[in-house]
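Here is a short report on a helix pair and a cavity. Look at the structure first, then read on.

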Number of protein chains: 4
Amino acid sequence: MALTLAAAQGMVQAALAHARTAGFRPLSVVVLDARGAVIAAASEDGTSLKRFQIAKAKADGALAFGLGSRALERMAAARPTFYAGAAHVVDGLIPVAGAVLVRDVAGALIGVVGVSGDTSDNDEAAAIAGVTAAGLVADGG
Amino acid sequence: MALTLAAAQGMVQAALAHARTAGFRPLSVVVLDARGAVIAAASEDGTSLKRFQIAKAKADGALAFGLGSRALERMAAARPTFYAGAAHVVDGLIPVAGAVLVRDVAGALIGVVGVSGDTSDNDEAAAIAGVTAAGLVADGG
Amino acid sequence: MALTLAAAQGMVQAALAHARTAGFRPLSVVVLDARGAVIAAASEDGTSLKRFQIAKAKADGALAFGLGSRALERMAAARPTFYAGAAHVVDGLIPVAGAVLVRDVAGALIGVVGVSGDTSDNDEAAAIAGVTAAGLVADGG
Amino acid sequence: MALTLAAAQGMVQAALAHARTAGFRPLSVVVLDARGAVIAAASEDGTSLKRFQIAKAKADGALAFGLGSRALERMAAARPTFYAGAAHVVDGLIPVAGAVLVRDVAGALIGVVGVSGDTSDNDEAAAIAGVTAAGLVADGG
């Protein structure tokens with residue numbers, strides 16, 4: 001099952017709806033497919049200059065390793081030099097909660113949603129809300 | 001006047017609606033604000049792996065020089081080494097039609113729309129359709 | 001249909017077998033899947049220092065645009081500044097014959113084979129031989 | 001003694017055979033010669049998007065310093081900023097076990113094998129198995 005633009009846009013909107021209801025600070029949300037291609041993205045009014053890049057680097061890292069970025073955060077705490085080196089060679093990696101893998105109901109990896117702008121926990125909650133609203137399975141790590 | 005997410009999403013949707021009506025090949029559309037921040041983006045089903053990066057590099061180049069990318073295409077034909085060098089130092093520049101500056105009705109630059117996926121002329125037509133639908137002014141160069 | 005390691009290794013071996021039979025100069029051959037991940041690669045004895053990178057950049061370019069690299073070579077001759085800019089933003093692009101898309105029998109894109117070391121025509125012939133031997137469809141552009 | 005493609009391919013196959021017998025997770029294995037050129041590589045079915053880059057960065061780091069990457073891991077624990085900086089300037093360095101230098105029986109450095117996909121200890125075990133099977137000497141650091 002491939003990730004469609006319609007599904008990706010639905011995830012962006014649902015993630016932002018969650019953030020507005022919960023009163024989060026302005027977010028950037030990006031959805032990549034399993035290839036790492038940007039399928040949909042949105043940065044709310046008031047986001048800082050490179051907020052999109054932060055959200056995307058969380059998502060890129062999750063996809064690079066096939067793990068939700070919360071798992072990467074735990075691993076990076078134990079082995080910081082691994083992730084410093086990896087950030088260089090995978091061209092984008094922020095090992096912090098806020099990027100969740102997107103799986104179809106059969107468990108196949110079809111993409112990733114990365115969020116940045118509030119606390120990492122809140123970023124992740126918005127990402128999960130987006131994935132769940134699309135009827136897909138979120139894997140935060 | 002600042003570019004809002006709502007306006008940027010409206011431009012993306014109108015650009016894609018134009019493309020579907022006109023029968024263009026699958027497009028990536030990206031909207032940057034005047035600072036170069038990614039505000040909204042979409043890649044249609046069937047776009048190739050790096051289509052987003054191509055659309056964004058057209059937009060980045062237009063913003064880098066404050067000119068619609070059709071003007072950059074003319075200038076690059078006359079001075080290719082200038083733009084080859086510039087592509088490196090501005091970290092993203094494709095001097096080809098398809099990125100149009102977005103101005104408010106007073107003429108102030110508020111962003112840029114970059115499109116890639118069909119011919120450059122068609123990419124530009126989709127970008128202009130997006131800007132116009134938002135009640136803003138498109139400057140293709 | 002996903003590209004397997006077994007199929008990719010078969011393509012590498014068949015491409016090299018073609019090159020040895022035909023008396024080509026030493027080659028690097030690389031097979032990427034549809035995500036752009038390196039699945040299999042080989043550099044023959046006597047290849048120069050960066051031959052692998054040249055083969056990979058042909059393959060990366062083909063996948064970036066979804067076109068065999070012979071098509072990119074024609075397009076780059078007409079619009080060199082487009083490809084100079086694209087080379088920067090897609091992080092790897094040599095628009096020259098020698099990379100062929102790999103499609104399954106249903107026509108789905110499942111990967112790309114890039115070859116470098118002899119003339120571009122011979123590089124492409126080796127790539128096509130590799131794909132064909134695997135029972136897949138080569139699209140040189 | 002130069003590293004041949006035949007020897008490099010043998011090391012890849014023996015490393016993967018070890019991994020399958022031992023039940024490791026899917027691996028990427030890359031063999032570089034003493035110049036840092038990619039001679040052979042393989043990514044098993046199910047490897048994540050950037051697994052090849054991780055394996056290669058372990059190998060690149062080992063070659064950069066002439067030390068198996070287990071030694072680099074110890075040194076990076078003591079001096080993390082050294083390796084964070086080095087990762088940038090050598091363009092690829094992950095100072096973690098899993099890359100072993102390849103020496104001929106006279107002790108001359110002829111290449112390096114880098115592995116990623118399971119724990120670092122298991123990655124290194126697969127690399128050592130590959131080198132040993134080729135009748136060469138593995139130096140893990």
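Helices (H or I, at least four residues) and strands (E, at least two) are DSSP runs, numbered from the N terminus.

## Model and numbering

This is a predicted model: local features need pLDDT of at least 70 and side-chain atom pairs pLDDT 80 or more, while totals for chains, interfaces and linings use all residues. Residues are numbered from 1 along each chain as its sequence is written, chains are lettered from A and ligands numbered from 1 in written order, and side-chain values use heavy atoms, without hydrogens and water.

## The cavity

A search of the whole structure finds 1 cavity of 30 Å³ or more. On a 1 Å grid over the protein atoms alone, a cavity is a set of points where a 1.4 Å probe fits but cannot get out; lining residues have an atom within 4 Å of a point.

Which elements supply at least two residues each of its lining? They are α2 (51–65) of chain C and β2 (38–43) of chain D. The lining includes C:Arg51, C:Phe52, D:Val38 and D:Ile39. By class, it has 5 nonpolar, 4 polar and 2 charged residues. Here Ala, Val, Leu, Ile, Met, Phe, Trp, Tyr, Cys and Pro count as nonpolar, Asp, Glu, Lys and Arg as charged, and the others, Gly among them, as polar.

## Two helices in chain B

In contact (heavy atoms within 4.5 Å), B:Met11, B:Ala14, B:Ala15 and B:His18 of α1(B) meet residues of α5(B), including B:Ala125 and B:Gly130.

Methods:
1 Å grid on protein atoms, 1.4 Å probe; cavity = no way out; pocket = protein on both sides within 12 Å on 5 of 7 lines; lining within 4 Å. Points joined across faces, edges and corners; volume = space filled by probe spheres on them.
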